[in-house]
Amino acid sequence: MTEPCYSKNPDNGIAISSLIRAFHCPRQYFFYKDIPSKPAIQYSICKLVSCAEKGSTEEELWYTLHMIHPEISEDKRHFLRDCLMAMEHAPVRPWTETDISVRSERAGIHGLLDKYHAQNGEYTLTRCTMAPKTGCWAEDAIRTAAFLLCIEEAGAVKTPGIYIEYVRSGIIRYYEPTPKDRRRVLHLIQQVKEIDNGEFPHKPLNPPCSRCRFSDRCAQNAPRRLSFLLKK
Ligand code: SF4
């Protein structure tokens, strides 16, 4: 995943999570960018399961979760149980470091990578969505491309791809970003910069409007020119 908070300080560059938000819909990014975001409990659960020692029990992990999220409610236990069952026989990626901060000065982006294994030189992203039938979701292809830009710039490890753990499905995929993914990342960086500078973005071709909490505000903002014409 990775980092759930969006960058508010332009000096820090753009958080990779902001690129993903803009990928879903640039207008959603426009509306979301000033709203404080909280780390998602589901992500914490998936992360814990992904990094847990083999044989860890539900009780042990629930105890740890309480320390991370003291406010966690009992009804999240079933999600933890489902993840544990899904990952029981999955080839979980090993790790020696977790939550690794990466950044690309050249691209002006930064993010938090879930896992790194020093001996293998492998990076892993942990996702809490179900896995697609094949490959990875389009947003994960973009994540992977953005993180690789950062890793490549650091130059320490050369790798053409990143593992993606779909914890809820117990499925691990390896993805090598294509030039198209990289182009999309560069385009999104440009879009986010323009929005951060105050531009209200165009509506994209297929936005996810049916499940968008901003549909009213979006409708008010969008048709300025049209209402201007109608008034005449
Ligand atoms: S209503 Fe549609 S176009 Fe507007 S912000 Fe939401 S998803 Fe984007």
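Is C212 buried or exposed, and what is its relative accessible area? In this predicted model, C212 is buried, with a relative accessible area of 18%; the cut-off for a buried residue is under 20%.

**Ligand shell**

C212 is one of the residues around the ligand, and C25, C209 and C218 are among the others. The list also includes R27, Q28, K203, P207, P208 and S215. Two helices, α2 (26-32) and α8 (215-221), each supply at least two residues of this shell. By class, six residues of the shell are nonpolar, two are polar and two are charged.

**Cysteines**

A disulfide is a covalent bond between the sulfur atoms of two cysteines. The structure holds zero disulfides. C150, for example, takes part in none, and the nearest cysteine sulfur, belonging to C136, is 17 Å away. C150 is also buried, at a relative accessible area of 1%. The two cysteines with stated accessibility are set out below.

| Residue | Relative accessible area | State |
|---|---|---|
| C150 | 1% | buried |
| C212 | 18% | buried |

Helix α6 spans residues 138-154, 17 residues in total. From its first C-alpha to its last, α6 reaches 25 Å, close to the 24 Å expected at 1.5 Å a residue. Of the 17 residues of α6, 13 are buried, so the helix is largely enclosed by the rest of the structure. G155 follows α6 and has a positive phi, near 75°.

The largest nonpolar core has 29 residues, of which L19, I109, L113 and V185 touch the most other members. Helices α1 (16-24), α6 and α7 (179-196) each supply at least two residues of this core, as do strands β2 (97-104), β3 (109-117) and β4 (122-127). The most is given by α6, with eight residues. A second, separate core comprises 19 residues, including L48, L61, L80 and C83.

**Helix α4**

Helix α4 covers residues 58-68, and its buried residues are E58, L61, W62 and L65. Seen down the axis of α4, these buried residues fall within an arc of 100°, so they line one face of the helix. Which exposed residues does the face turned away from the buried side of α4 carry? That face carries Y63 and M67. L61, one of the buried residues of α4, is also a member of the second core.

Note on methods: Residues are numbered from 1 along each chain as its sequence is written. This is a predicted model: local features need pLDDT of at least 70, side-chain atom pairs count only at pLDDT 80 or more; totals for chains, interfaces and linings use all residues. Side-chain values use heavy atoms; hydrogens and water are left out. A residue is near a molecule or strand if one of its heavy atoms lies within 4 Å of it. Helices (H or I, at least four residues) and strands (E, at least two) are DSSP runs, numbered from the N terminus. Ala, Val, Leu, Ile, Met, Phe, Trp, Tyr, Cys and Pro count as nonpolar, Asp, Glu, Lys and Arg as charged, and the others, Gly among them, as polar. A disulfide is a pair of cysteine sulfur atoms within 2.5 Å. Buried means under 20% relative accessible area, exposed over 50%, partly exposed in between (1.4 Å probe, protein chains only). The expected span of a helix is 1.5 Å times one less than its number of residues. A nonpolar core is a set of buried Ala, Val, Leu, Ile, Met, Phe, Trp, Tyr and Cys residues joined through side-chain atoms within 4.5 Å. The arc is that of the directions from the helix axis to the C-beta atoms.
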